[in-house]
Amino acid sequence: MKKAYYLFALVLITFGLVTLFTQPWQEKSSHAVLVSNTAPTGGDFTLTGTRGKVSLHDYAGKIVLLYFGYTTCPDICPTNLGNLSSATRLLSEDERNQVQVMMITVDPERDDQLKMDTYLPYFHPSFQGLTGTPEQIAEIAKRYGAVYQKAALGEGALGYSVDHSAFTYLINAQGKLVEQLPHATTGEEFVAAIRAQLTPK
Amino acid sequence: MTLTRSLLMTALLASSLSAFAAVTEQVQVLDGYVREVPPTQQISAAFMTLHNDDMSDHKIISATSPAAKTVELHTHTLDEGMMKMRQVPDIAIPAGGDTFLKPGGLHIMLIGLTQELKKDVPISVTIKFEDDSEKTLSLPVKSVMPMQMKH
């Protein structure tokens with residue numbers, strides 16, 4: 001009897017580890033809507049923005065589009081932020097006032113607030129760039145299911161690039177993570193996802 | 001008879017000429033551009049469509065540009081849920097086919113920009129093929145945003 005319990009526990013642990021490392025919810029290239037119980041929980045966080053401490057709960061009542069990226073990101077981040085910029089400009093002014101786009105750096109060693117504040121407004125003046133300690137960022141990324149790691153960049157002068165998951169996390173007005181939109185989601189698709197969350201008036 | 005022979009000779013000559021033609025003559029570059037970057041950004045990328053008119057496969061083995069300290073051939077792959085950018089030794093262009101260099105995929109990385117990328121100021125990029133023949137392109141700088149910013 002006891003043996004069966006041990007076996008059961010072992011099976012559970014193995015299953016847990018397998019799901020942890022394979023992250024099955026992170027559907028490759030498909031439009032992954034959160035469904036399984038391994039889905040990231042998201043939740044509140046506090047980091048540093050342009051004017052000091054910024055918390056997710058400061059934006060209660062707004063739709064937040066959260067992206068994990070870095071300012072020396074050569075292609076993936078500019079593509080995604082460019083599409084988010086298009087989306088922002090496709091919204092009406094009223095809708096735009098109910099939306100906040102923010103990027104948390106996955107390269108806190110190189111991205112200070114000055115860099116974030118130079119980089120993000122290029123895409124749209126309303127975009128917020130957030131930094132913190134590597135530990136703070138790792139903890140938030142884990143809750144949102146964002147993964148990243150340093151990678152050597154050829155023999156180039158930049159030293160390294162950062163491999164990273166490229167989802168945009170859609171957080172509703174109640175601060176709840178509701179959807180993750182894959183890389184290369186178009187401006188129009190972002191607009192549709194945002195409008196689905198905005199309560200009709 | 002003489003006419004047939006001379007036609008044959010011409011055909012032979014033409015085919016041998018094409019066999020000796022440099023790869024750069026066989027590959028067309030379409031819709032090329034360099035991406036405009038946010039201020040202080042030190043890296044950009046060149047994107048384009050490569051069309052191979054030839055009956056044999058060809059490849060780009062390297063690229064250079066006066067606008068960057070280092071130029072590398074790169075690709076992106078989605079692996080372990082992450083977009084991973086890696087250097088590649090060459091970019092193949094299949095016989096009679098197209099290869100697309102586009103965001104999120106193959107691209108020519110311009111690392112350590114030596115000049116500011118400005119709209120309407122084209123950037124020179126030279127691509128080298130497997131036979132060492134080269135093609136110098138003058139690529140326009142384009143913004144990632146499909147619509148222009150309203151200030």
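Q: Which residue does Arg86(B) form a salt bridge with?
A: Arg86(B) pairs with Asp163(A), and their closest N and O atoms are 2.8 Å apart. A salt bridge here is a side-chain nitrogen of Lys or Arg within 4 Å of a carboxyl oxygen of Asp or Glu. Arg86(B) sits in strand β5 (residues 82-87) of chain B and Asp163(A) in strand β7 (residues 160-164) of chain A, so this pair joins two chains. Helices (H or I, at least four residues) and strands (E, at least two) are DSSP runs, numbered from the N terminus.

Q: What kind of model is this?
A: This is a predicted model, where local features need pLDDT of at least 70, side-chain atom pairs count only at pLDDT 80 or more, and totals for chains, interfaces and linings use all residues. Residues are numbered from 1 along each chain as its sequence is written, chains are lettered from A and ligands numbered from 1 in the order in which they are written, and side-chain values use heavy atoms, with hydrogens and water left out.

Q: Back to that pair. Is Asp163(A) buried or exposed?
A: Asp163(A) is buried, at a relative accessible area of 0%, whereas Arg86(B) is partly exposed at 31%. Buried means under 20% relative accessible area, exposed over 50%, and partly exposed in between (1.4 Å probe, protein chains only).

Q: How many salt bridges are there over all chains?
A: The search of the whole structure finds 10.

Q: What does Arg35(B) form a salt bridge with?
A: With Asp75(A), the closest N and O atoms being 2.6 Å apart. This pair also joins two chains, because Arg35(B) is in strand β1 (residues 27-35) of chain B and Asp75(A) in the loop between β3 (63-69) and α2 of chain A. Arg35(B) is buried at 4% relative accessibility, and Asp75(A) is buried at 0%.

Q: Which residues are linked in a network of salt bridges?
A: Asp79(B), Glu80(B) and Lys84(B). Between Glu80(B) and Lys84(B), the closest N and O atoms are 2.6 Å apart. Lys84(B) counts as buried, at 8% relative accessibility.

Q: New topic: what does the secondary structure of chain B come to?
A: Chain B has 2 helices and 11 strands. Along the sequence, the pattern is α-α-β-β-β-β-β-β-β-β-β-β-β.

Q: How many residues are in chain B, and what share is buried?
A: There are 151 residues in chain B, and 45% of them are buried. Of the contacts in chain B (heavy atoms within 4.5 Å) with a separation of 6 or more, 66% involve residues 24 or more positions apart.

Q: And what does the accessible surface of chain B come to?
A: About 8,100 Å², with 58% of that belonging to carbon and sulfur atoms. Such areas come from the Shrake-Rupley method with a 1.4 Å probe; for residues, only the protein chains shown count as cover.

Q: Over to chain A. Which residues of helix α4 are buried?
A: In α4 (residues 113-123) of chain A they are Gln113(A), Met116(A), Tyr119(A), Leu120(A), Tyr122(A) and Phe123(A).

Q: What do they pack against?
A: The buried residues of α4(A) pack against β1 (46-49), α2, β4 (99-105) and β5 (128-130) of chain A.

Q: Where is Ser86(A)?
A: Ser86(A) is in that helix α2 (residues 76-90) of chain A. Ser86(A) is buried, with a relative accessible area of 6%. Thr186(A) is 100 residues from Ser86(A) along the chain, and their C-alpha atoms are separated by 8.3 Å.
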